[in-house]
Amino acid sequence: MSKLKTLIWPKVILFGDSITQYSFQPNGWGSDIANKLVRKCDVLNRGLSGYNSRWAKILLPRLINDQNSVDQNIAAVTVFFGANDCSLEDKNPQQHIPLQEYSENLKEISSLLGSAGVSADKVIFITPTPVHEPAWEKECILKGCPLNRHNSVAGQYAQACVQVAGQCGADVLDLWTLMQKDGQDYSVYLSDGLHLSEKGNQFVAQHLWDLLETRLGHLPFILPYWADVDRASPESCLL
């Protein structure tokens, strides 16, 4: 019998920090996207809690290279960093990245993806979310440190992310702006002032799907519908 060709699902890679890592929890935005794309794409969680864009840029070639991009058929990549980069330097020097370097790191991430065969039209940058300072300050105090993020600073990093996406020809999901649109109470989208609540996960999933559906919604189910399998000769359509 000749060697069978391995079935390869198109890949959607979610690359980011803790907000991405946690997205596969129950009712998480990553789980929602994976469910919408079941049997069309494999959705891979490459979220790294606590990581910033500097570390992301360094390790990206270990996650995606020109060989596995071709072999694995990468259909889309989300790049969701900034929540740690925007930490205040004097309060959290371990994670803080200067604004200008953050911009350059995102550009390099886009370039590295392009070198690996992932074109800009397959990339979606996601800005940091707003920071609800009263709630996050409580979390910081519990950890024995002072408030280490400001919403206005997160906004500067969000703006930089939007600008880089435009320069790179990629799409962008500006959560910082959308969650505060029309002066709404954005604290409902956050569980602790920084990470997403269940409502926040729903918000991200809805807006991200609006961008992904135009790229991936048309993809067919992989393998035939069960009722269409030839009962007398299943090999004819399964191989």
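## Reading salt bridges and a buried glutamine

Biologist: Glutamate 101 and arginine 54 have side chains that meet in a salt bridge, 2.7 Å from N to O. Where in the chain do glutamate 101 and arginine 54 lie?

Modeller: Keep in mind that this is a predicted model. The pair links distant parts of the chain: arginine 54 sits in helix α3 (residues 53-63) and glutamate 101 in helix α5 (residues 99-115), 47 residues apart.

Biologist: Which residue forms a salt bridge with lysine 57?

Modeller: Lysine 57 pairs with glutamate 108, and their closest N and O atoms are 3.9 Å apart. This pair too links distant parts of the chain, with lysine 57 in helix α3 and glutamate 108 in helix α5, 51 residues apart. Glutamate 108 is partly exposed, with a relative accessible area of 38%.

Biologist: How many residues apart are lysine 36 and aspartate 32?

Modeller: They are four residues apart, about one turn of the helix, and both belong to helix α2 (residues 29-36). Lysine 36 and aspartate 32 form a salt bridge in which the closest N and O atoms are 2.6 Å apart. As for accessibility, lysine 36 is partly exposed at 37%, and aspartate 32 is partly exposed at 30%.

Biologist: How many salt bridges does a search of the whole structure find?

Modeller: Six.

Biologist: Now a residue in a loop. Is glutamine 95 buried or exposed?

Modeller: A residue is called buried under 20% relative accessible area. Glutamine 95 has 15% relative accessibility and therefore counts as buried. Glutamine 95 is located in the loop between β3 (74-80) and α5.

Biologist: What does glutamine 95 touch?

Modeller: Leaving aside residues up to four places away in sequence, glutamine 95 touches Gly50, Asn52, Asn84, Asp85, Ser87 and Arg149.

Biologist: With which side chains does the side chain of glutamine 95 make a polar contact?

Modeller: One of them is the side chain of asparagine 84, at 3.3 Å. Another is the side chain of asparagine 92, at 2.6 Å.

Biologist: What separates the C-alpha atoms of glutamine 95 and glutamine 25?

Modeller: A distance of 24 Å, with the two residues 70 apart along the chain.

Key. Residues numbered from 1 in each chain as written. Predicted model: local features only at pLDDT ≥ 70, side-chain atom pairs only at ≥ 80, totals over all residues. Heavy atoms only, no water. Salt bridge = Lys/Arg side-chain N within 4 Å of Asp/Glu carboxyl O. Helix = DSSP H or I, 4+ residues; strand = E, 2+ residues; numbered from the N terminus. Buried < 20%, exposed > 50% of the residue type's maximum accessible area, 1.4 Å probe, protein only. Contact = heavy atoms within 4.5 Å. Polar contact = N/O pair within 3.5 Å; in protein donor to acceptor, adjacent residues only side chain to side chain.
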